[in-house]
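Please look over the structure below before reading on. The paragraphs after it go through its parts one at a time.

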Amino acid sequence: MAKMSKAQRKKPTPGSQRLVLLCVAVFAFLLLFSSVISTGKLGLPYQQTLIDYFVRSSRGKREHTLSEKYLYWGNRIDCPGKNCETCAGLGHQESSLRCALEEAMFLNRTFVMPSGMCINPIHNKKGILNRSDNKTTEEGWVGSSCAMESLYDIDLISEKIPVILDDSKTWHIVLSTSMKLGERGIAHVRGVSRHRLKDSHYSNLLIINRTASPLAWFVECKDRTNRSAVMLPYSFLPNMAAAKLRNAAEKIKAQLGDYDAIHVRRGDKLKTRKDRFGVERIQFPHLDRDTRPEFILHRIEKRIPPGRTLFIGSNERTPGFFSPLAVSYKLAYSSNFSEILDPIIENNYQLFMAERLVMMGAKTFFKTFKEYETDLTLTDDPKKNKNWEIPVYTMDERKEEAS
């Protein structure tokens, strides 16, 4: 028999190859298993289920790890004790969402975001986008809710706070795992401070569910009105708009060129009621006056020179309402950019988010109400006011005495 060469003697057999691969697989499994034990602090069902999912399933843009824990806060954005049909507007719901995101940040948990947002029909009329100088419409957009991903870029938010949607495969796997764990899997909490959730046995649970309270979104955020306690700026969510809305805003800004902007909030704020003497009162006594064209001109003329392009974002639906401003400025509305917006806008929330990005890109921007000390505003009325006062319609600040 011929003598084997040195190379032939060193060539591994198929059996030895399989043995090496098996050893590598076992070692990798043990390493992964020990990592979960050291970080998850939970029992075998948690490890076995999530190992199977995260190892074998395809991942999204943001990779989740076996050691993550979750904060769940209901299946839709905050409408305390109400249904979508009577829910408040986008600003209210964004405040709730920011509150929940801050809670997830504080607890160092992945936030389980509702996959949909309610839209009150009052806030969903097409007339805002399809405005003209001679007609208005009461036709509404279809649907009383919209997909969260149509409003916000979930991956962009996740760069700051890890987020998954409550209709995602990841959440279904995590929820299924929590059911197998029993008391170690999920706690339905109510009235428990965030500090206790972080520094007690709750910290080891896979899921903390805040939905136990009917006012879940707001009720646990005791410091939401304390600006010094705010972890996320109010500009955070407006800047997290979905990619298609950001792209549309960039195209509009490019066409506007060098421009200024005003946001005129009227329709939902001009609500009056009569006192016991029959006198009309309103929570914003100067707002109706200060958001009319002649008074807007007086307010902005020192900061925005005549001849400039002025982009107007507003919920005022009266046809031609802002036309008097054209004596000094080149007026622009969202309706002037229908070729950009019509293909992507499905409701007024999407429109408002795109408009906000355009307004934030202006050289000079006047808001309706002051949020920060450096803000330029159309009125000096406070954004939040519990008092009902007699409205003022002239430059004379003296108010008529109630008869």
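Aspartate 290 is buried, since its relative accessibility is 7%. Its salt-bridge partner is arginine 289, and the closest N and O atoms of the two are 2.8 Å apart. Arginine 289 is buried as well, with a relative accessible area of 6%. These values come from a predicted model.

How far can the model be trusted along the chain? The average pLDDT of the protein is 78, and 71% of the residues score at least 70. Residues 26–60 have a pLDDT below 50; in the model this stretch makes 55 contacts beyond near neighbours in sequence. Residues 398–403 also have a pLDDT below 50, and there the model shows nine contacts beyond near neighbours in sequence.

We return to the charged side chains. Side chains of opposite charge can pair when their charged atoms come close. The count for this model is 16 salt bridges. One of them joins glutamate 250 to lysine 253, with the closest N and O atoms 2.9 Å apart. Both residues belong to helix α9 (residues 243–256), where three residues, about one turn of the helix, separate them. Glutamate 250 is partly exposed, at a relative accessible area of 47%.

Another salt bridge is formed by lysine 383 and glutamate 371, whose closest N and O atoms are 2.9 Å apart. This pair links distant parts of the chain: lysine 383 sits in the segment after β14, while glutamate 371 sits in the loop between β13 and β14, twelve residues apart. Lysine 383 is partly exposed, at 30% relative accessibility. Glutamate 371 is partly exposed too, with a relative accessible area of 26%. Salt bridges can also join into a network, and here one links Arg266, Asp288, Arg292 and Glu316.

Next come the strands. Strands of a sheet pair through backbone hydrogen bonds, either parallel or antiparallel. In which order do the five strands of the open sheet lie? The order is β12-β11-β8-β13-β14, and the pairing is parallel. β12 (330–332) and β14 (376–377) are at the edges and have a single partner strand each, so one side of each has no neighbour in the sheet.

Helix α11 (residues 293–300) lies across β8 (259–264), β11 (309–314), β13 and β14, and runs at about 130 degrees to β8. Helix α13 (residues 348–360) lies across β8, β11 and β13, and its angle to β11 is about 150 degrees.

Three bridges join β2 to β1 (residues 70–72), and the two run parallel. Tyrosine 70 has threonine 110 in β2 as its bridge partner. β2 is also joined by three bridges to β5 (residues 163–165), again in parallel. Here methionine 113 has leucine 165 in β5 as its bridge partner. Are the faces of β2 covered or open? Both faces are covered: Thr110 and Val112 on one side are buried, and so are Phe111 and Met113 on the other.

Methods: Residues are numbered from 1 along each chain as its sequence is written. This is a predicted model: local features need pLDDT of at least 70, side-chain atom pairs count only at pLDDT 80 or more; totals for chains, interfaces and linings use all residues. Side-chain values use heavy atoms; hydrogens and water are left out. Two strands pair if DSSP finds at least two bridges between them. Helices (H or I, at least four residues) and strands (E, at least two) are DSSP runs, numbered from the N terminus. Contact means heavy atoms within 4.5 Å. Axes are lines fitted to C-alpha atoms, for helices over the stretch in contact, and angles run from 0 to 180 degrees between N-to-C directions. pLDDT is the predictor's confidence in each residue, from 0 to 100. A salt bridge is a side-chain nitrogen of Lys or Arg within 4 Å of a carboxyl oxygen of Asp or Glu. Buried means under 20% relative accessible area, exposed over 50%, partly exposed in between (1.4 Å probe, protein chains only).
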